[in-house]
Structure formats: C-alpha cells, structure tokens
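Subject: Structure handover

Hello,

Here is the structure I said I would pass on. Please look it over first; my notes follow below.

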Amino acid sequence: MDATILLLLLQDGVVNGAIYALIALSLVLVFTVTRVILIPQGEFVAYGALTLASLEAGTLPGTVPLLLGLGACAFLADCAEARHNLDGRALLRFGLRDLALPGVVAVIAWLLAPTKPGLPVEILLTLVIVTPMGGFLHAVAFRPLAHASVLVLLIASVGVHLALTGLGLVFFGAEGSRTPPLSEASFPAGPLLVSGQSLWMIGLTLAIIVALWLFFSRTLLGKALIATAVNRLGARLMGIAPSLAGRLSFSVAAFIGALSGVLIAPLTTVYYDTGFLIGLKGFVAAIIGGLASYPAAAAAALLVGIIESVASFEASAFKEVIVFMAIIPVLLWRSLRSAPVEDEE
Amino acid sequence: MPTRLLAGLGALLIVALPFIPGVPPFWLTLLTYAGLSAIVVTGLVVLTGVAGITSFGQAMFVGISAYATALLTTTGGLSPWLSLPVALLLSAAAAWVTGAITLRLSGHYLPLGTIAWNISFFYVLGNTDALGRYDGLTGLPPISVLGHPVLGGAEALLLTWGFLALSLWLTHRLLRSRTGRAIRALKGGVVAAESFGVDTARVKIVAFVYAAMLAALSGWLYAHIQRAINPTPFGINAGIEYLLMAVIGGAGSIWGGVFGAVLVTVLKDQLQNVLPLVFGAQGNFEAIVFGVLLVLMLQRAPDGLWPLVVRRSVAPPPDRGPASHPLAPRPACAPGTVLLEASHLRKTFGGLVAVNDIGFQVSAGEVVALIGPNGAGKSTTFNLVTGVARLSAGAVRLGGRDVAGLPARRIARLGCARTFQHVKLVAGMSVIENVALGAHLRGSAGPFRGALGLDAAEEAALFAEADRQLARVGLSACRDLPAGSLALGQQRIVEIARALCLGPTLLLLDEPAAGLRHQEKQALGDLLRRLRQEGLGILLVEHDMDFVMGLADRLVVMNFGAKLCEGAPATVRRDPAVVEAYLGSAA
Amino acid sequence: MTRPMLEAESVSVAYGKVEAVRGISLTVEPGRLVTVLGANGAGKTTLLNALMGVLPARGAIRFEGRDLTRLPVEARVAQGLSLIPERRELFSTMTVEDNLKLGAFRFRGTGGGGDIGEMYRLFPRLAERRRQHAGTLSGGERQMLAMARALMGRPRLLMLDEPSLGLAPLIVAEVMRTVARLRDEGVAILLVEQNARAALQIADHGYVLDGGTVVLEGDSRTLQTDARVVETYLGVLAADDAAAPPNRVASGR
C-alpha cells in the first residue's frame with residue numbers, strides 16, 4: 001500500500017465515518033433520553049435513500065402509505081395513553097399531529113412526485129416524509145414500555161427493526177436503488193481527486209453537528225432533552241413530559257437517519273435491508289463512546305469509517321467482520337476498569 | 001392445567017404422532033425443526049428468563065457446532081458421536097470468551113455484542129473457502145443409533161425430541177442445584193448474591209456457556225439430520241427468532257420456551273405460505289408479523305403466553321431426604337470477643353464527605369445499633385463495612401483481619417452475613433431455596449455435578465442446614481411457599497434465616513424493622529435477643545427508635561457523617577445533642 | 001374558613017405489599033404554610049410523591065376543585081403544583097442558569113414564568129455561580145437552586161421535602177426564613193420536615209405522621225408543646241423524661 005492509496009482510503013474512511021458519526025450521535029441522543037437502544041435507526045437510513053430514489057424516478061414513495069399507517073397507529077396509541085383525560089382539545093391535537101400532518105405530507109408528495117421537481121425539493125420532501133415516523137414509532141412501540149428495563153426496550157427495539165425491514169420489503173420491493181450524486185464536480189487536491197459528493201457529505205455532517213449543538217445549547221426544547229437525559233424525575237417535575245422528550249429525540253433520530261440515507265444513496269446501492277449494517281456501524285462507534293459521550297462517539301465513528309475503508313482494501317470480504325471485531329478491545333478495556341458490582345435498578 | 005400433565009401429554013403426542021396414519025410427513029419435519037429450536041430456546045430461558053441477561057446471537061453457537069461437526073465428519077471422517085463433544089466444547093469456548101469480554105459490563109453490552117458478532121460470523125462462513133462459502137458443506141453422515149442411521153422423518157423427530165427431553169431434564173436439575181440457585185439469585189440482585197459468596201460474574205458466564213452448549217447440541221443434530229449446511233440458518237435473524245420464541249412462550253419457565261418454539265415454528269411456516277399471496281411477491285414478510293408480535297408481547301404480556309396456559313405456581317423444591325453428613329456447626333466465639341472493629345472510616349463522593357472519621361466495635365454477644373437522622377451517613381457506613389462501597393480512608397477489621405478493599409463475597413467468607421433494607425429475596429423461588437442460598441459457601445458442587453445429579457449428599461446437607469435455620473427463626477411452615485408470597489415481615493425473617501445459613505459470627509442488619517407491624521417487630525426483637533444469647537454479634541442500622549431503644553446494648557449516633565456520641569440507650573436518649581440532631585434546634 | 005387549595009382524601013400508597021401511606025387526609029388552604037412532621041420511615045416522602053403523581057396512589061387528590069388523581073406529574077405541574085424532592089433532582093451536568101431556565105419550561109413560548117434576575121436577587125449565591133454546573137454546588141447552594149428552579153415555574157402550591165436535610169443549622173435557618181417569606185408572598189406551602197422545631201416555628205398548621213398515618217394534627221403552636229411529637233421521633237423508652245425537650249422547644253421561641 002503506498003501513500004496515495006492510503007490517502008485515498010483515508011478520504012473514503014472520513015466520508016463514510018461522517019455518516020456513521022451522524023448515526024452514532026442520534027443513537028447516543030435516543031439512548032440517553034429514552035434508554036432505548038435504537039436498532040431501527042438503520043431502517044430510517046434505508047427509508048431515506050429509497051424514498052429519494054423513488055422521487056428521482058417520479059413515483060410516489062412507499063414510505064408515504066407507511067407514514068399514513070404509522071400516523072393512524074400513533075393516533076390510536078395517543079388516545080389509549082390519554083384515555084383518562086381525553087377531551088376535545090386533546091383529540092384535536094392528536095388528530096392534527098397524527099392524521100392531518102401525514103395527510104398533508106402525503107398530498108404534497110402525491111402532487112409533486114410525478115413532476116420530478118429536482119433534487120433539492122426531492123431531498124426536502126424525503127426528510128419531511130421520514131422524520132415524523134420517528135415520533136410515531138415512539139408513541140406506538142416504546143411509550144407503552146416507558147417503565148421497562150433497558151433489556152426489554154432493546155428486545156422491543158429489535159422487534160421494531162424486524163417489522164420495519166419487512167415493511168421496507170413490502171413498500172420498496174427487493175430491488176436496490178442508487179441515486180445520482182449531489183454534485184458531479186470534482187476537485188484535484190494533491191494526488192487526490194476530491195468529489196463534490198464527498199464535500200457535500202462532510203459539509204452537511206458538520207452542519208448537522210453545528211445545528212445539533214445550537215439546538216442543545218440555545219433552545220429551551222434542546223435543553224429539556226438534555227435535562228431528561230440527565231435526570232428524568234427532575235425533568236418531569238419541571239413539566240417536561242418523558243413522552244415529549246421521547247417523541248422529540250426519536251424525530252431527531254429519524255431526521256438524521258433519513259439525511260444519512262440521502263447522503264449515502266449516491267455512493268452505494270441501497271436495498272430495503274441495507275440500513276441495518278450501516279446502523280450497526282454507527283452502534284460500534286456509539287458503544288466505543290460508551291453510549292454516553294457525543295464527541296467520543298463522533299471520533300469513534302471516524303475511526304470506524306477508516307478501519308472499514310482500509311479493511312475493504314486489504315480484505316474486502318471480511319470488512320464487516322473486522323469492523324465489528326473492533327469493539328472487542330474497547331469492551332475489554334471497559335470491562336477491566338468497570339466498577340465493582342452494583343445492582344441495576 | 002398442571003404443567004406436569006401437560007408435559008406428559010405433549011411427550012405422548014410427539015411419540016405417537018409418527019404412528020398415527022394420515023399425518024403428513026411435512027408435519028413431522030416441522031416438529032423436528034421445532035424441537036431443534038426448542039433445545040436452543042431452553043438455553044435462552046436459562047439465560048434470559050432465569051439469569052436476566054440476553055443474547056441475540058445463539059444462532060452463532062448453533063452454527064459453530066454445525067460447521068465443526070460438518071468438517072470433522074466429512075473431511076475428518078469422524079463419527080458424529082465423536083464430533084459431538086468437540087462441537088460442544090468449541091461453542092462453549094466461544095461463549096466463554098464472548099461472555100468474559102462483555103458480562104462484567106451493563107446488561108445491554110452482551111446482546112449488542114452478540115448482534116455484531118453473529119453478523120460477523122455469518123460473513124466469515126460465507127467468505128471462507130474451507131467452509132464452502134455461501135454454498136456451505138454437504139455430504140454429512142447421518143447419526144447412527146444402535147447401528148441404525150437416522151434419515152429424517154419419524155426417526156429424526158424422535159431423536160430430536162429425545163435430545164430435547166434430555167436437555168430439559170438436565171436444565172431442570174441444573175436450576176435446582178447449588179449453581180442453579182446462584183443463577184436464579186441474580187434475579188434478587190447482584191449485591192445480595194455477592195453478599196453470600198456468589199461470584200456473580202462467573203455465574204453469568206456459566207449460564208451463558210450452558211446456553212451456548214445447548215445451542216451447540218441443536219446445531220450438531222441439525223447438521224446431521226439435514227446432512228448439508230449453509231450460513232443462512234446461523235445468521236442474526238435466526239438468533240432474533242430464538243429470542244422471539246423465548247419471549248412469546250415465556251422465558252420464565254423451560255416449558256414456556258418449548259411452547260414458544262413450537263408456536264413460532266408453526267406460525268412461521270403458515271405465514272410463509274400466506275403472506276407472499278397477500279403481498280403478491282416473495283420475501284421474508286413474516287418478519288413484520290414477528291416484529292409486531294414481539295413488541296406487542298412485551299407491552300401486553302411480558303411473561304409470555306405459557307403462564308396464561310398453565311396455572312401459575314412455583315414447583316416445590318425436591319425432598320432431599322435426611323442428610324448423611326450434616327454441615328458441621330461453626331464454632332461460636334466467646335462472649336466479648338471483638339468481631340468487628342471499624343476505625344477512622346471515611347468516605348467521600350467527589351468533594352462531598354459522606355462519612356467522616358467513624359469508629360466503633362461490635363463484640364460477640366451484643367447488639368449495637370447505628371442510628372441518626374436522615375442523611376447522617378448510616379447507610380454509607382453500613383456499605384463500607386459490608387464491602388459494597390469502597391473506603392476512602394480508615395480500616396475495617398473482621399475477626400482481626402483487615403478487609404478494606406475486599407469485595408462483598410470475600411467478606412462473606414469471614415463469617416459476616418447481612419440482610420437488606422429493601423428485601424432482596426428471589427420472589428419466584430421457594431423460601432427454603434432462598435435460605436439455602438445462604439449456605440452457598442458451605443457447599444462446593446459446580447454446574448456439572450448439579451446437572452448430572454452427583455451432588456445429592458451435599459444438597460441434602462445444605463437443605464438440612466437451611467431447614468434447621470428456618471426452624472430457628474420459626475418459619476418452617478412457609479418452607480415450600482414462593483418467597484414473594486410472604487408478608488414483608490416474614491420476608492425479613494427469611495432474610496435473617498438466609499444470613500444464619502452462612503454460619504456467621506457477625507450479623508449485619510439494615511433497617512430490619514422498617515415496614516413491620518407491631519407484633520412483627522416484637523417477634524423480630526425476640527429473635528434477635530435469642531441470637532445475641534447464642535453468642536452472635538449483631539450490628540443494625542435502624543430508624544425505628546422504639547425498636548432500637550428496647551433492644552440494643554449500645555447505640556452509635558451519627559449526624560452529618562460524623563459520630564455524635566456512643567453509649568447505652570438510656571444515656572443517649574437523654575443527650576441534648578442527640579435530641580437536637582433529631583428534632584432540630586429552634587433557630 | 002377559605003376553600004382548601006389542596007385536598008387529599010384518604011390517600012394510600014403501597015410498595016408491593018407494604019402500605020407506606022395508609023389513608024391520609026389533609027388540606028392546604030391558599031396562602032398557608034402547612035408542615036408534615038414525623039420520623040424517618042413515617043411516610044412523609046411517600047405522601048408528597050403521591051400528591052405530585054410521582055407514585056401511584058389510591059384515594060382522591062383535588063387541587064382547586066379539580067381531580068388530580070389520574071393526572072401524570074407533568075400535568076400536575078401545569079396546574080401550578082411544584083415539588084422540591086428530597087434528593088433535589090437537579091440537572092447536575094448543566095449550569096445553574098440552565099437549571100433555572102428549565103424551571104420555567106411550562107411557560108415555554110408564552111413568556112410567563114419567573115424572572116431569573118429576581119431569583120438571583122433572592123439567592124445572591126446563585127448569581128455568583130450561574131455558569132457553574134449544578135453538580136459542583138454545596139448542599140446549601142443546591143437547596144437554594146432547587147427552590148429557585150421551582151419558583152421559576154411560578155407554582156401556586158410549593159411542596160418541599162426535607163429542605164433542611166444535610167444542611168448546617170445556620171443554613172437551615174436561612175432556608176426556613178425563605179420558605180416563610182414565600183408564604184408571606186402568597187404561595188401556599190406544604191413543608192415536609194424531620195427538623196420539627198424549625199418547621200413548627202414557621203408553619204401555620206401541622207400534621208404528625210407515624211407508621212403511614214396521621215397521629216396528630218393541629219395548629220403549630222399547639223404541636224410545639226405536645227410531648228407526643230417527641231415520642232414519635234425518639235421512641236418511648238425514656239417516656240419519663242420526655243417532658244424536658246418539649247419545654248426547651250417552648251422556651252426557645
């Protein structure tokens with residue numbers, strides 16, 4: 001391997017790592033706020049990529065009926081949750097959020113899709129379609145389990161992953177899709193040729209990180225999310241409902257997932273079940289960061305990207321194996337310095 | 001319907017099925033698969049339902065064994081019966097390594113790790129030439145039973161369910177043994193188990209290795225019944241399906257696991273027939289149903305369907321008969337011997353000093369109470385003495401030996417037993433088995449002796465001791481009831497019996513009177529006075545002043561993390577500083 | 001007598017099989033300071049948690065005539081109830097100022113809520129530490145932050161769980177003065193205290209709990225001289241000399 005190849009691999013690694021960083025950040029967010037280990041995060045990635053591909057092809061994406069269905073389920077779940085205090089105002093609120101919003105999105109998608117409105121609009125539409133799914137999923141699958149253990153939430157999370165993968169197959173079929181790059185341009189940089197696509201990916205990742213930072217440090221809602229993660233009871237006593245925090249963090253996760261899908265779709269053919277592996281690599285990064293630290297998770301994600309790109313050059317068939325084995329030394333290290341036994345309550 | 005009857009009927013049905021004319025051979029195959037899964041799920045029940053840890057990667061252990069036996073019997077030309085132990089050991093070794101890495105961490109690292117490693121395993125299988133890549137290996141020999149090769153159909157069904165029966169029997173025995181009690185004790189809290197000498201990290205690994213070995217057994221059977229293998233059935237989705245079976249059936253009992261395995265196998269087959277017609281395409285659409293089912297079960301029936309089928313009950317522990325070699329009683333200390341000596345204890349959390357320069361002694365034959373207002377640092381002091389929290393400075397000597405820095409389970413070895421402020425019994429386990437856990441350190445049988453039933457003499461001795469201690473505290477009548485069904489007062493007494501089972505010289509009680517009714521407090525007080533007379537040293541942390549004043553020989557009063565005073569109840573009661581600590585000063 | 005602001009009617013709370021609170025009824029009138037006393041384990045904290053909805057309870061809880069029994073914690077906060085729990089439950093890795101801002105979360109977007117500047121005037125120590133993480137504060141400062149954070153939500157009924165816990169006597173006095181001042185400003189207060197003397201000095205009315213039930217109720221002056229209060233704290237062994245401490249309470253006034 002010479003220096004040029006190494007540089008090339010590094011470049012690849014950083015670009016992939018950027019995606020894993022986004023995913024890892026949303027996983028840490030969801031875990032700290034809701035204690036849910038969000039296995040289905042990968043499905044949001046796949047949904048994002050496939051939705052954009054459908055729009056590119058001028059067809060109505062399968063995620064639109066899915067969104068309507070999930071919204072209807074969430075409406076029922078909301079009504080069930082609030083059954084003791086259900087009044088007209090609550091019904092109106094649930095109806096607007098769970099039925100009207102997806103309905104409006106569906107109509108817009110139905111009107112716009114056949115016109116092939118161009119990449120920026122299509123990307124926006126993709127984000128608008130996938131993002132609300134996060135909140136709906138939280139209401140349907142996880143809010144009823146609010147008092148369950150992390151382990152039960154994890155098993156439920158795997159269940160949601162199974163269901164979403166299956167639904168992906170139903171709505172998108174078994175064929176994969178690929179979208180055109182966000183930019184065809186490329187720039188020479190020393191021995192390398194930097195593509196416009198990779199600049200977009202890194203740039204958008206940085207933009208999202210900055211946006212997240214602003215959200216958490218400048219807005220009351222963002223602070224409320226952190227507060228819930230730091231002290232759930234303390235947050236409730238300030239009137240911050242765990243369900244609000246859960247819905248919000250799941251929506252952020254879905255948004256980031258869909259955006260990652262949009263970014264990754266031009267690089268690789270995405271199938272209905274591709275997201276799982278991508279999501280898991282985000283997990284490897286999040287676990288290396290202890291499922292708690294944002295900067296550590298983002299740094300680990302870059303490392304995962306680089307390990308992957310080097311591995312795919314040296315032993316392409318085993319690249320997944322090598323990436324997943326990377327958590328062993330980290331776990332070993334954590335295990336050796338773990339605290340003496342304590343009860344997990 | 002009672003479990004035993006149901007199990008008997010099920011077994012009869014399986015044996016009779018092949019001989020009923022008109023049963024399509026397809027059903028025999030399907031039930032064979034269900035049996036194969038049930039063996040894996042039985043291991044998962046031990047892991048998830050009993051030990052409270054989870055793995056999504058059991059398919060990996062099935063696969064390790066299947067590929068091992070495939071290589072050994074085709075390339076190596078070995079008989080399947082000879083490759084079986086190798087396959088079992090390989091899976092066990094893999095589980096041991098995986099467990100050693102993750103089981104000391106929080107509960108979610110093992111399942112996450114198993115997801116990643118099962119996926120890796122799949123890619124390794126699919127990309128290794130020697131393992132036939134994605135095409136797999138073919139031409140495996142069948143298993144011969146008494147010189148007769150088992151070639152599918154009824155024979156495979158009977159062989160599989162025979163092995164399943166063996167697995168269930170071994171598992172049943174294991175869970176009833178000394179090691180099994182330790183595994184079940186994980187449900188009552190890690191701290192409680194450690195306090196009776198259980199090395200919980202090791203016990204978790206034992207459970208995980210055992211589950212992997214059952215998975216390996218299933219893999220070995222599968223390989224030789226199918227006689228050709230490829231990576232697909234050992235992927236992560238299969239691993240998730242095993243967990244689904246455990247959750248749907250009910251991970252709380254081994255029968256629930258079998259029930260779930262049969263149910264999911266049949267359901268999957270039906271769904272695979274129906275769903276492609278519904279959706280007009282081929283694919284794994286059953287995943288949708290399984291996913292939704294999994295979430296719904298966790299929301300609506302987290303204990304699975306099995307408890308809805310059978311009457312809920314805790315099986316009474318087996319009658320061990322009289323002990324041929326009862327445990328030797330521990331020698332009592334002469335009254336006045338110093339048992340516990342705490343000096344200059346200090347504990348800081350960050351910059352906060354929780355305990356500051358506390359010192360006291362407890363001798364044989366006396367009751368010392370640690371009291372003080374809320375937040376005075378009593379519980380922290382108690383945790384320092386029992387090894388649950390680590391000292392920042394100072395020394396704790398037990399029987400003259402410095403125990404600073406020793407974990408709780410080593411402190412237990414020195415004859416120091418404790419109870420808990422929030423009762424930590426295994427609710428679903430019988431009272432006598434809970435008490436017998438206290439004698440954990442007085443036995444030595446490991447998982448193998450337990451599962452194979454070679455521990456009868458020792459078990460009889462442990463249970464005889466448990467019976468003796470239960471009689472000592474006057475709760476023999478509750479012997480076979482599930483501990484969770486007792487009133488709180490009785491549960492506290494059971495904890496004391498469990499502590500006595502350790503054969504302690506020193507008894508540490510954390511708020512023993514909390515939540516008790518008046519008569520219960522009196523009974524507890526009488527019991528503690530009796531124990532004091534028998535030469536035990538007793539240290540208790542207590543809020544209930546009526547209780548303490550009438551019982552303790554000496555009081556150590558704490559306030560703001562420091563010792564306020566020490567002395568006989570009547571003296572302390574009159575001390576103005578104590579009155580002020582409790583009632584506050586008028587500012 | 002004015003119409004009660006908070007009414008609890010035979011409230012019971014059970015942890016599994018253990019009833020920690022057994023059929024307690026109490027009322028708090030607008031603008032009054034009511035204290036709940038009792039030794040450790042008497043059920044005081046459990047009672048507050050039940051009133052706030054942190055723990056599920058049987059019985060009826062009404063606030064300004066509205067039935068709260070089935071409302072979750074957040075909805076009770078929206079009604080104007082506020083609880084400062086025994087463990088304070090601050091956001092330890094966030095700054096003092098962020099903690100205060102979150103105190104007004106229920107007024108998000110409406111500009112209601114308390115004024116941070118006013119809180120800093122009330123608790124000058126917090127102003128000095130506004131950029132520090134809440135986790136680095138001393139015990140007294142933590143209690144002040146907890147109170148200021150609760151006040152940011154402009155509660156109409158403030159419930160405090162052992163605000164004196166772990167605090168030195170001088171700081172206890174300061175905390176009690178602040179509580180009394182809040183009452184004078186019109187906030188109804190339910191004060192749970194183990195420090196009976198300090199609480200009775202500022203309270204209008206008191207309840208004494210033992211074993212999860214109300215064993216004594218009365219106006220705080222009467223309670224200050226009642227020997228039975230001491231018994232619930234220090235046991236009955238030395239009942240003969242129980243007369244001395246209450247006398248001292250009385251003379252301390």
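Strand S12(B) is covered on both faces: B:Gly537, B:Leu539 and B:Val541 are buried on one side, and B:Ile538 and B:Leu540 are buried on the other. Strand S12 of chain B spans residues 537-541, and five of its five residues are buried. Here a residue is buried if 20 or more other C-beta atoms lie within 10 Å of its own, with C-beta atoms placed from the backbone. Helices (H or I, at least four residues) and strands (E, at least two) are DSSP runs, numbered from the N terminus.

This is a predicted model: local features need pLDDT of at least 70 and side-chain atom pairs count only at pLDDT 80 or more, while totals for chains, interfaces and linings use all residues. Residues are numbered from 1 along each chain as its sequence is written, and chains are lettered from A and ligands numbered from 1 in the order in which they are written.

S12(B) pairs with two strands, where pairing requires that DSSP finds at least two bridges between them. With strand S7 of chain B (residues 367-371), S12(B) pairs in the parallel sense over four bridges, and B:Leu540 stands opposite B:Ala369. Strand S11 of chain B (residues 506-510) also runs parallel to S12(B), joined by five bridges; there B:Leu508 has B:Leu539 as its bridge partner. S11(B), helix H20 of chain B (residues 518-533) and S12(B) form a right-handed β-α-β unit, that is, with the strands pointing away from the viewer, the path from the first strand over the helix to the second runs clockwise.

On domains, whose bounds come from an automatic or database domain assignment, chain B is divided into domain 1 (3-309), domain 2 (334-415 + 505-517 + 535-587) and domain 3 (424-503). The C-alpha centres of domains 2 and 3 of chain B lie 28 Å apart. Their contact takes eight residues from domain 2 and seven residues from domain 3, two residues being in contact if their C-beta atoms, placed from the backbone, lie within 7 Å.

Between chains, the contact of A with B takes 46 residues from chain A and 45 residues from chain B. On the chain A side, the elements giving two or more residues are helices H6 (150-172), H11 (274-288), H13 (319-325) and H14 (327-336). H6(A) gives the most, with 17 residues.

Chain C has 23 residues in contact with 17 residues of chain A. Helices H2 (73-79) and H3 (96-103) of chain C each give two or more residues to that side.

Regards

Key:
A residue is buried if 20 or more other C-beta atoms lie within 10 Å of its own, exposed if 12 or fewer, and partly exposed in between; C-beta atoms are placed from the backbone.
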